[in-house]
Each structure stands twice: as C-alpha cells, then as structure tokens.
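Look over the chain first, then read the points below.

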Amino acid sequence: MLRNYCRGGSVRTKRLVTLVAALLAIILVPTSAQAAPPTWSPPANLVTPLAQVWQHQEQTYNNGNLYGFRNYGWDQIMANRGYINYCVRWDSSATVTAAQRDQIHAALARQHKKWMDELVGHNAWPYGDVPVRVVGWAVRNRSQLQWTDTSVAVYVGDIRENAPQCSVPCGRFFNQNGQYPNCPGGYARHYDQSLWLTDGFGGGAGGDWGQRMGREYFMNNINAANMHILLHEIGHTWGLDDFYDWTPSGVSNFIMRAGSSTSITEFDAWMLRDWWRHLKSRYGY
C-alpha cells in the first residue's frame, strides 16, 4: 500500500507516508536498543555507585592492572570485527537432537543480545548487532549428538577438567594473540568463548573463557525471556564484577548482584557502558 501512495498524490499524502514510515521505523527498533543514550550521561542517583564500582574493579582486577588484561569480551568482539564465536562443552550423558542444538544456539544468542542492545547507539559503539555463532560442540561420545550435518565442528573424547574440551588450537583463551594456525577449521572455526553445560551443576561461573551452568537449568529455561544465571555470567565475560561481599551506595537489586534481579537493570546497563567508556580508546574510538 505504501508503494502506491508514494507514486504520486498530494503533498499532504506524501507527508502522511513519511510520518507513517518514521513511526514504523521507531516501532521496529528493539526497545532496549532505543534506550541506550548517545553519550555518557548516567542518572544522578547512579553516578556515585558507578564510580565506586569502577574504582573497586581498577583496584582488584588483574592484580591492580585492569587495563593490562587483553581478553575481555570487548577484545574478542573487536578482534572479530563485530561477532562472537562459541563452542558448546556438553558435559552431560544426555543426547542432543539437531533441533535441540539449534534451540541452544538461539537461546544463547537471545540472552547475549540483551546485553549488546544496551550499547546500540551509545558513545561511538560501532555495532548495531553482534551475531553469536556456535561453531563447535565437544562431547564424550559422538553418538550423543544426533545429527550428521557438518554445520558445527565436533570434538570427541578430549577430557579436561573432567569435561569434554573443545579444540585447544581453536580457542581464543589458549591463543590470545588471535592466531589459530593449528585450528582444523581455521579462523572461521575458532571460538572465543565456551558455553559449558554440566549435569547437576548448581549456580554458574563466567569469565573471559565463557560461561558455565547446569545443563538441566539451561534446557529447562531454554525459552525463558530472561535466563538470569546466563545473563549474570555473560556480564562477567564483559568485565562486570561480582557483589557477594559488598554493595555500591544506593543500589541493591541488579543482575550482577546474584539473587537480587532476574533481568538486566538500568544499573547493570550503565556498568556495561562504563567499561566501554574506559576501554574504547584501546580500539581507536
């Protein structure tokens, strides 16, 4: 219908079409992406707690050398120029169908996007979307994976930390210079992070290497709007701190304070943006 209107007609009609198109553009942009302010301008009530958090991170990270560490999620995405690769460590005796494989990928991408949307349009952040690609799976026994296609690399029987390990030559954690000369699939099959799903594992863990949580928790929440353990652990990959032994002034409920929120809050979003504010010059922004 819009095509017909645009072919001719009155000035009023053309203005109406322009207005409708503008409204559609606003509607079709994700709400969270709209929410990111263009500059560093946190609400007044968050200025002090944000400063406290950053000071604590500078003092405690990497033996007091936060800026010397070069494998934050920020470093990974910039090395890839805008995407993140994962490998799944299937630390379980359960089988996985092709449909479940794809559902796991989709769930991971949805949760990761919730963090990335908080950066869209903010302070020279260069990406409107950060695709998540699952490029490999590690298992104890190949028969657990009930597919025959070659869409992902499969690693069998390399057991480390009592769990299946994705190819070490393909992992950024093991090759932080960003070179993968011995990765069987080359750079395209390198992985920046692991999604480590363990039978009976309680809680979660996260860092530059990826995220770990219970296989049952992940599969039981695979369609949840907010997978709060995964969201919390992804936050760690991007540098956000834990708050088990202290709480910043004036804030108490946020995803990085375990157990106090099931979704990313305004304070979480500003903590993420604070990392970008401090690290962006590293990448020429």
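Is Trp276 buried or exposed? At 0% relative accessibility, Trp276 counts as buried. Buried means under 20% relative accessible area, exposed over 50%, and partly exposed in between, with a 1.4 Å probe and protein chains only.

This is a predicted model: local features need pLDDT of at least 70, side-chain atom pairs count only at pLDDT 80 or more, and totals for chains, interfaces and linings use all residues. Residues are numbered from 1 along each chain as its sequence is written, and side-chain values use heavy atoms, with hydrogens and water left out.

**Aromatic pairs**

- The structure holds 21 aromatic pairs. Rings of Phe, Tyr and Trp (its six-membered ring) pair if their centres lie within 6.5 Å; planes under 30 degrees apart count as stacked, over 60 as edge-to-face and the rest as tilted.
- Trp74 and Trp238 pair edge-to-face, at 4.8 Å centre to centre and 90 degrees between the planes.
- That pair links distant parts of the chain, 164 residues apart: Trp74 is in helix 5 (residues 73-80), and Trp238 is in the loop between helix 8 (228-237) and helix 9 (266-279). Helices (H or I, at least four residues) and strands (E, at least two) are DSSP runs, numbered from the N terminus.
- Trp74 is buried at 0% relative accessibility, and Trp238 is buried at 1%.
- Trp276 and Tyr285 form a tilted pair, with ring centres 5.6 Å apart and planes at 50 degrees. Tyr285 is partly exposed, at 39%.
- Ring pairs join Trp74, Trp125, Tyr127, Trp238, Trp276, Tyr283 and Tyr285 into a cluster.

**Charges over rings**

- Arg89 lies over the face of Trp196, 4.0 Å from the ring centre. The rule asks for NZ of Lys or CZ of Arg within 6 Å of the ring centre and within 35 degrees of the ring normal.
- Arg277 has its charged end over the ring of Trp40, 4.2 Å from the centre.

**Disulfides**

- There are 2 disulfides, each a pair of cysteine sulfur atoms within 2.5 Å.
- Cys87 and Cys166 are bonded, with sulfur atoms 2.1 Å apart. The torsion about their S-S bond is about -95 degrees, so this disulfide is left-handed.
- Cys87 lies in strand 1 (residues 84-91) and Cys166 in the loop between strand 7 (163-164) and strand 8 (193-198), so the bond ties together parts 79 residues apart in sequence.
- Cys170 is joined to Cys183, S to S 2.0 Å. This link is right-handed, with 100 degrees about the S-S bond.
- Cys87 and Cys166 are buried, and Cys170 and Cys183 are buried too.
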